Structure formats: structure tokens, C-alpha cells
Amino acid sequence: MILFQIIQKPQKRGAEIFAAQLSEHLEKLGHTVILISLFEGVSELPFSGKKIQLNRPISKRWYDYEAWQQIAHLVKEFKPDIIQCNAGDTLKFMILSKLFFGWKVPVIARNASTVSSYIKSTPTKIINHFFYKKVDAIISVSKFSADDIIFLFPSTKKKTFVIPIGIDETITNHVEWKNQHNNSINVVHVGGFTFEKNHSGLLRIWKMFLESKPNAILHLLGDGPMKQEIEEEVIKMNLSDSIIFYGWTANPLDYIIKADMLVLPSIIEGLPGVLLESMYCRTPVVANDVGGINEIIEHKRTGFLVEKSDELNFVKAMQEALTIDNMVNEKAYQQVVNHYTNKSIAKDFEKTYTIILKQKLNYAI
């Protein structure tokens, strides 16, 4: 197959990184993948195949006729069998190009979050419903994400599939903590500085955790629009001595494997790959029970789940995570190895693409 993977821009965020990793594994399976980004970006994504940057002005995201035309030219030139849209504006650009220029390639929308959390008005719902009606299939990252979009748009039920995110098994162990303290408890959080990740809540949790574990250090890996705000909040809360900012890191597994635990008090998630990475590293996980997280973590069997906004119990779960039996970490590791590596996930995407193409062929006959 010839496959287009469409991303927002070359950036180190979950949707783009996974699309690049998936593309790499699909090429290893013998397919030709072209990774196409809509907007300008400078990050180097983990894909060795053909990449095309349209570098469109983001200010024209709703009426960029030239971009829709460029996409149509690429479809005509490369003749893809499947086009997969990976979050952001990608679905909108593909559907509008298809409507204006009449190409027939099946379009798949990858649903990697909780769509209803972002649709706050009737006009927004109507617009999104229009685009989702036009896709040939939706691949949701979790059953929760699939149920959410089906509840919001019932017409999507018959064309929705569930394929989880996977991880790449790459650990080099060539990194060190900044400002390492002897006998410190190292807690890591990996995620972009956006409202979904709830860094403000994490700081409140951390302040309480320090009361019982004053030698603990919180390592924050990631970048994003709210980073400066959180840095200022850390100073105001007098937490600077116990929190270290790292920015974006190329391979968070190298840090996760060294940590005593990973925490994720998010308020919105689909199925976060960082939890799978932590489980793969046999590092205990404490996370809010949101999105599809409880589909990969069973409380006290493969990690710790806490009800959203219950910050006191989150602290208690962190304390308990420091004392768990190694069997919990081993069960978590085995679960990832058996079900959540990108090598196997790519085969699931391949099978789903084949099903979609057969369905499309049957409709045409």
C-alpha cells in the first residue's frame, strides 16, 4: 500500500511522534509511507522515509484553497491507497481538499483523545459532525475514546475501530538527573505544558507529598505554551528546590527507567503512551482515572488509579507506590510487551487499512 500520514507540523507532541513511529514500522512491513505536515515546524521526527512539509500559513487554516489544491496534486502524483489524519487541523484540510477537487482516496481520522472535551458549542459540534460524516473510518486510541465519539456523533458507530497507541522499545540509559541528591526519591512527569496535563494540580499534589517525603525531587519533562506560567507558579509556591524542568527530551524512557515512579494527574486523556513507557520500564505509575487509562492500568495490579481531582488520594497512592511488590511492575511490563509495542500495533493498522479498502471496493461494486 501507499499511505499518506498527515500531521499538524513537525513537533514533539504525542500525535506527531506516534504518526512518525507508526510510519517507520509500516515501511518495515513493506508499505510506502509519506509523512505530510501542514504547517511549519523544525522538530526532527523519528521517521526515515519521505517527508513533505506544506508550510502553510496557520492564519488561513479555515480557507486555505491553495493548500487543498496542493494536497490534491500530491494525491494525483503519489496515488495513495489510504490517507490517515492525525489530530489538529489534518481532518479538516483533507476533507475540504477532497470535496473541492473530487479525489476518491479513503480518509481515516485518528481519534487519540476525548473529542467531547473540546466541543463546547453547538456550531463547533455541527462543524465537527460534518467532517466526521465525510471520513471513511475512525480509528480511536481506546474504547473510551470510541464510545465518546459515537455518543457525540452516532452516525460514526459503524465505521469506528479501536487500535491503541504503542511504544518503541528504545532505552539507552545514557542520561543523568539534574542536580542529583543522595538518597532522593525521583518522581517523573512527562507531558506537554497544556491545560489537559494539569500541571497546576500536580504542584498542589507535590506540595502535600513533600510533607511526608521531603527528600523527593520532581522531574518535569516536556515543553509547551503553559511552561512559563508553571515555572512562575513553582516559585510562588516555594517549590523550586524540589522541582527540576528539563524541556523536551528525545527519549523519555531513559529518565523513566531511573525514576521511583511516574505520575500523570491529567484531566483529559485518550490513552497516553507515557504510561505504557513507564510500565515497560517497570516504573510504578500513579494516574488519574480519565479517558482510556483504566483500559491499560488495573488499580494495584499494574499501577494506581485515582479519581480525577482527588488530590489527597493521589498523594496517598504515590506513597503506596513506593512500597509495592515487584510483581506489580512485572505484570505491567508483560502487558506492554504482549500488547502495546509499535511493531505489533503497526500490524493492527495494516489489517484495518485492508478492511477499509475492501469495504470501499464493495461499496463501489
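Let's start with helix α1, where Ala15, Glu16, Phe18, Ala19, Ala20, Gln21, Leu22, Ser23, His25 and Leu26 are buried. Keep in mind as you look around that this is a predicted model. The helix covers residues 14-28, which makes 15 residues. How far apart should its ends be? At 1.5 Å a residue, α1 should span 21 Å, and this agrees with its end C-alpha atoms, which are 21 Å apart.

Together, β1, α1 and β2 make a right-handed β-α-β unit. Strands β1 and β2 run parallel and are joined by 6 bridges. You can pick out one of the pairs yourself: Ile6 has Ile36 of β2 as its bridge partner. On to β3: strand β2, residues 32-39, pairs with β3 in the parallel sense over 5 bridges. Here Leu35 has Lys51 in β3 as its bridge partner, and Ser37 has Gln53 in β3 as its partner. Is β2 enclosed or open to the outside? Of its 8 residues, 7 are buried, so β2 is largely enclosed by the rest of the structure.

Follow the chain from α2 and you come to Lys79, in the loop between α2 and β4. Lys79 has a positive phi of about 50° although it is not a glycine. Most residues other than glycine have a negative phi. Is Lys79 buried or exposed? With a relative accessible area of 58%, Lys79 is exposed.

There is another sheet to explore. This open sheet has 6 strands in the order β10-β9-β8-β11-β12-β13, and the pairing is parallel. Its edge strands are β10 (243-247) and β13 (304-306), each pairing on one side only. Neighbouring strands here are turned by 20° against each other on average, again with direction ignored. Within the sheet, β8 (residues 185-190) and β11 (residues 261-264) pair in the parallel sense over 2 bridges, and Val188 stands opposite Leu262 in β11.

Helix α6 lies across β8, β9, β10 and β11, at about 165° to β9. Helix α9, residues 273-280, lies across β8, β11 and β12 (285-288), and runs at about 165° to β11.

Leaving out residues up to four places away in sequence, Val188 touches Trp177, His219, Leu221, Ile256, Ala259, Met261, Leu262 and Val263. Which residues touch the most other members of the largest nonpolar core, a group of 57 residues? They are Val188, Leu275, Leu276, Ile293, Ile297, Phe349 and Tyr353. A second, separate core has 35 residues, including Ile52, Leu54, Val135 and Ile149.

Finally, visit two asparagines in loops. Asn215 sits in the loop between α6 (199-212) and β9 (216-221). Its relative accessible area is 36%, so Asn215 is partly exposed. Apart from neighbours within four places in sequence, Asn215 is in contact with Asn183, Ser184 and Ile185. The C-alpha atoms of Asn215 and Asn186 are separated by 9.0 Å, although these residues are 29 residues apart along the chain. The other asparagine, Asn238, lies in the loop between α7 (227-236) and β10. Asn238 has a positive phi near 60° and is a residue other than glycine. Asn238 is exposed, with a relative accessible area of 68%.

Technical notes:
Residues are numbered from 1 along each chain as its sequence is written. This is a predicted model: local features need pLDDT of at least 70, side-chain atom pairs count only at pLDDT 80 or more; totals for chains, interfaces and linings use all residues. Side-chain values use heavy atoms; hydrogens and water are left out. Helices (H or I, at least four residues) and strands (E, at least two) are DSSP runs, numbered from the N terminus. The expected span of a helix is 1.5 Å times one less than its number of residues. Buried means under 20% relative accessible area, exposed over 50%, partly exposed in between (1.4 Å probe, protein chains only). A nonpolar core is a set of buried Ala, Val, Leu, Ile, Met, Phe, Trp, Tyr and Cys residues joined through side-chain atoms within 4.5 Å. Contact means heavy atoms within 4.5 Å. Two strands pair if DSSP finds at least two bridges between them. A crossover is right-handed if, with the strands pointing away from the viewer, the path from the first strand over the helix to the second runs clockwise. Axes are lines fitted to C-alpha atoms, for helices over the stretch in contact, and angles run from 0 to 180 degrees between N-to-C directions.
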